[in-house]
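Biologist: Before we discuss details, could you bring the structure up? I would like to start with the contact between the chains and then turn to the salt bridges.

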Amino acid sequence: MRAVRRLASLLAASAIALYFVACSGTSQSLALDEPLRVPLATFKEGALPGTPPATTELAPTITSLESQSTIIRSRQSGKNVVGRASTDAVAVALAFGDLGTGYWVLPVDGPDPQSNGEFTWAAKCDFGSNLPPGNHPLRFVAIDANGHAGTQRDLSTCVSSETPDNGNACIPTSPLPASVFSLEWDEDVDLDLSVVLPNGRVVSGKSPRTSIETDAGVPLGTVDRDSNASCVIDGFAREDLTFLEKPSAGSYLVYANLFDACGKTTVHFRFSLYERQANADGTPKLVKTIAKSGQLAAVDANGGARTGTFLTEIPY
Amino acid sequence: MLVTLAVTLAGVAFAEVTLARVAHADEDDFEVSSAPASSATPQKNGDAGAPVVPASSSAAPPSPAVAPSAAASSATAPPSASPTARPAGASPTTEAPARVGSPEDHRENPTAATTEETGHSSAGPKVNGDPSVDEKATQWVRGAGEPSLTAGIAGPYGLVFSGYVQAQFEHSALSEDEIQQGGLPLNHDRFLIRRARLRVDRSWKFASTTIEIDGNTTRAPSFGLRRAEVSLLYRNEEASAPPYVRLTAGLSEIPFGYEMTDSSRSRYFMERSLGSLALFPADPDLGVRVSGGWRFLRYALGFVNGEPLDDRPGRVAGDPNAAKDLVGRFGVDVVPAEKWRVSGGFSFLYGRGFHAGQQATKSQLVWKDGNENNSVDQGEISSIPGSAATPSQNFKRWAVGADVEIAVDTKIGKSRLYGELFIAQNADRGVFPSDPIASGSDTRGLGFYAAALQEIKQRVVVGVRTDHYIPSVDTFDKRAGNLIPTDSAIRTVSPLVAILFPERVRLTFQYDAIFDSLARNNLGVPTDLKNDQFTIRLQGEL
């Protein structure tokens with residue numbers, strides 16, 4: 001009996017040890033926490049192989065690189081980047097030059113007879129949330145059949161700010177807005193940012209402008225979108241009222257109005273006020289000056305019959 | 001004391017694992033037990049797939065009259081071991097009395113049955129409420145040999161209740177704390193109830209009826225019908241032999257190969273091999289069957305819907321086409337020498353799959369942000385005209401296979417070696433479902449496995465199974481602009497250790513090392529995906 005016990009223990013220990021020893025293979029993570037995702041490519045941990053961009057190019061090379069836009073927004077999906085690689089390439093790897101913990105690899109497509117048989121390739125890129133605004137180049141490199149990577153090549157790209165900044169993150173000469181009222185939430189519901197202006201007008205995604213007039217020197221504020229309107233989910237879950245210049249004097253009453261719960265039971269929201277202030281060197285920046293958060297239940301949905309839940313009063 | 005050591009090779013329980021994020025396999029091959037006995041036969045089948053020593057046997061009291069597992073014990077058991085245990089409703093004048101002994105016994109020594117034909121209880125855990133049932137006798141009657149369509153086991157006369165629970169923890173290297181597009185969680189590290197089954201059997205001389213329900217938490221807590229069958233049968237005078245003819249209608253087993261009729265209760269490997277799961281994503285199907293045997297010959301022929309009953313999301317509910325599948329197995333079951341048993345057979349499947357046509361669509365406008373400026377510009381709005389519905393189509397599918405099993409009694413315990421091989425065309429319904437209408441070409445697949453089990457002193461079982469499944473032998477991969485034939489095979493090696501406790505409980509640990517080409521390396525070339533897994537299961541029976 002003792003021998004049997006011993007044997008059983010040995011077998012059990014062997015089986016457990018097998019797990020740690022035999023666990024083999026290549027991980028194929030979704031890498032949803034990465035700033036760049038390429039759904040049809042394979043994610044690899046580590047730095048992008050190859051030599052940094054230089055004037056002298058080592059084979060294999062990326063011979064062509066094209067994209068419709070160099071502006072990237074957080075959570076953007078399906079951004080097409082296409083290009084060609086030299087005839088000795090079998091795969092292309094790509095990553096942000098300064099963000100993320102790994103890179104993506106995809107095999108090249110067929111040869112392009114109009115480009116001396118260079119291999120074409122195409123990457124459809126998705127981007128994560130909370131990307132730091134500013135210039136972050138996408139970096140590409142070709143890999144040959146021996147696993148050797150050539151010289152990397154950059155595609156200049158800039159990540160726009162999630163908080164409306166009038167494009168300042170990518171175009172520094174563009175002026176920052178004076179005030180931004182932002183409402184964000186965590187569920188796929190039709191929640192509206194409603195602001196009652198000093199003149200009694202109610203501004204929201206469904207009536208987005210603070211004034212129907214565009215002149216007379218009245219600072220114009222605009223709500224950027226009606227997110228998840230009629231429960232058509234757009235993935236933003238965020239609305240912003242932006243004033244490029246300081247709003248007219250008076251009290252601004254801020255509400256969160258659950259238009260439609262879209263089948264969800266609760267939603268958590270966060271309101272923030274950003275205001276333009278000056279750095280020590282005099283350059284402007286957006287600073288969060290007010291933050292409020294809360295929770296709404298499905299019973300709070302009113303289809304626009306009410307103004308919503310009062311959050312705060314902002315005096316100007 | 002019983003120590004059973006079962007070694008198994010190849011456990012692919014991985015519809016869930018190998019398919020990674022495709023879908024979780026919840027194949028259902030589950031035979032819920034019933035306490036069998038009477039006309040049990042030495043036929044290959046669900047009971048044959050049972051462990052060398054039934055789990056129940058391990059729990060059996062060491063009474064010489066009810067000695068577990070050993071065929072010789074059965075043969076020598078005194079015929080009056082439990083004279084009062086005849087199931088209620090089984091009239092001694094109209095129904096053959098049940099016998100003491102498990103089908104396992106018959107399998108090992110078919111001649112033993114006739115000597116035990118009279119005066120014994122076939123009772124399972126409870127025989128129609130008869131308090132006079134010998135508890136010791138009932139304890140070991142349960143076990144590997146369940147009444148089975150293709151097993152040739154007809155079950156005991158009377159009403160028999162049985163059931164079991166499989167609670168387990170499973171871990172997969174694929175697991176991520178994420179959700180897949182569509183909301184499916186990608187975490188595979190979890191506790192779950194894999195099977196919780198209750199079964200009721202009632203048998204008469206010329207008929208039998210079975211109802212079985214299955215509950216599990218594989219995808220969500222659920223209960224469903226696992227088996228519901230009615231049989232008319234013409235029994236062999238020799239109790240150890242299968243009926244000459246048995247006509248079965250309802251939801252029942254699919255008679256193809258070995259694993260399909262191997263009971264989930266008695267099988268040590270967590271799930272069937274991947275190839276088997278591909279052809280039959282679930283065990284039961286609706287239809288009619290004719291089965292039986294004569295001397296050493298065995299046969300089973302089924303005419304079924306061709307849609308194994310499964311609760312997997314996305315699978316068609318019911319039978320989408322009028323065509324039915326013809327499936328069957330013809331084999332032999334022989335005892336060439338003392339302590340040896342050899343069985344095997346050939347199986348086939350022929351039927352028609354269903355390719356659903358597209359439904360009609362309405363015209364719609366689509367905006368594509370071509371210049372990625374988040375604004376609607378000229379040329380970015382296009383129309384997609386509505387389209388009429390397209391007709392559905394059927395396509396032919398077939399599979400042929402062969403299986404063999406060798407069992408032998410050794411000094412340290414029983415040994416079993418078995419395996420199966422099949423080739424198929426357009427028959428994958430579970431792993432990479434075939435649809436030649438959509439793909440434009442037939443999909444030819446191949447699969448085989450081999451398994452070995454060794455019992456050690458009836459307390460421990462060690463085993464190993466290796467299986468090999470090629471979903472399509474015509475797979476190509478793009479490499480530098482060229483299409484290159486590539487290996488789509490998925491190979492699994494599954495060692496296991498099982499410890500058998502008294503009280504009908506067993507603890508099993510199985511590791512599944514999976515080798516495939518589902519990932520890509522640094523060159524973008526297919527390579528092995530890190531998707532090994534292990535499972536720890538505690539199984540208890542009623």
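Predicted model: local features only at pLDDT ≥ 70, side-chain atom pairs only at ≥ 80, totals over all residues.

Biologist: Which element gives the largest share of the side of chain A that touches chain B?

Modeller: Helix H1(A) does, with 10 residues. In total, the contact takes 45 residues from chain A and 40 residues from chain B.

Biologist: What area is buried between chain A and chain B?

Modeller: The buried area is about 3300 Å², and carbon and sulfur atoms give 63% of it.

Biologist: Now the salt bridges in general. What is the count over all chains?

Modeller: Over all chains, the count comes to 36 salt bridges. One of them is in chain A, where Lys206(A) and Asp192(A) meet at 2.8 Å, N to O. This pair links distant parts of the chain: Lys206(A) is in the loop between strand E16 (202-203) and strand E17 (221-223), while Asp192(A) is in strand E15 (residues 190-196), 14 residues apart.

Biologist: Is Asp192(A) buried or exposed?

Modeller: Asp192(A) counts as buried because its relative accessibility is 2%, under the 20% limit. Lys206(A), in contrast, is partly exposed, with a relative accessible area of 39%.

Biologist: Which residue forms a salt bridge with Asp283(B)?

Modeller: Arg272(B) is the partner, and the closest N and O atoms are 3.1 Å apart. Asp283(B) lies in the loop between helix H7 (274-279) and strand E7 (285-294) of chain B, and Arg272(B) in the loop between strand E6 (245-252) and H7, so the pair ties together parts 11 residues apart in sequence. Both residues are buried.

Biologist: Which residues are joined into one network by salt bridges that share partners?

Modeller: The network contains Arg197(B), Arg199(B), Asp201(B), Glu212(B), Asp214(B), Arg227(B), Glu229(B) and Glu253(B). Within it, the side chains of Arg199(B) and Asp201(B) meet at 2.8 Å, N to O. Arg199(B) and Asp201(B) are both buried.

Biologist: Where does Arg298(B) lie?

Modeller: Arg298(B) is in strand E8 (residues 297-304) of chain B, and it is buried, with a relative accessible area of 5%. The side chain of Arg298(B) reaches the backbone oxygen of Arg295(B) at 2.6 Å.

Biologist: Back to chain A. How many helices and strands has chain A?

Modeller: Chain A has one helix and 22 strands. Of its 316 residues, 42% count as buried.

Biologist: Which three strands of chain A form the open sheet with mixed pairing?

Modeller: The order is E4-E13-E10. Strand E4 (71-72) and strand E10 (134-135) are the edge strands, each pairing on one side only. Two bridges join E4(A) to strand E13 (residues 158-159), and these two run parallel. Ile72(A) stands opposite Val159(A) in E13(A).

How values were computed. Residues numbered from 1 in each chain as written. Chains lettered and ligands numbered in written order. Heavy atoms only, no water. Helix = DSSP H or I, 4+ residues; strand = E, 2+ residues; numbered from the N terminus. Buried < 20%, exposed > 50% of the residue type's maximum accessible area, 1.4 Å probe, protein only. Polar contact = N/O pair within 3.5 Å; in protein donor to acceptor, adjacent residues only side chain to side chain. Salt bridge = Lys/Arg side-chain N within 4 Å of Asp/Glu carboxyl O. Pairing = 2+ DSSP bridges. Contact = heavy atoms within 4.5 Å. Buried area = accessible area lost by both parts, 1.4 Å probe.
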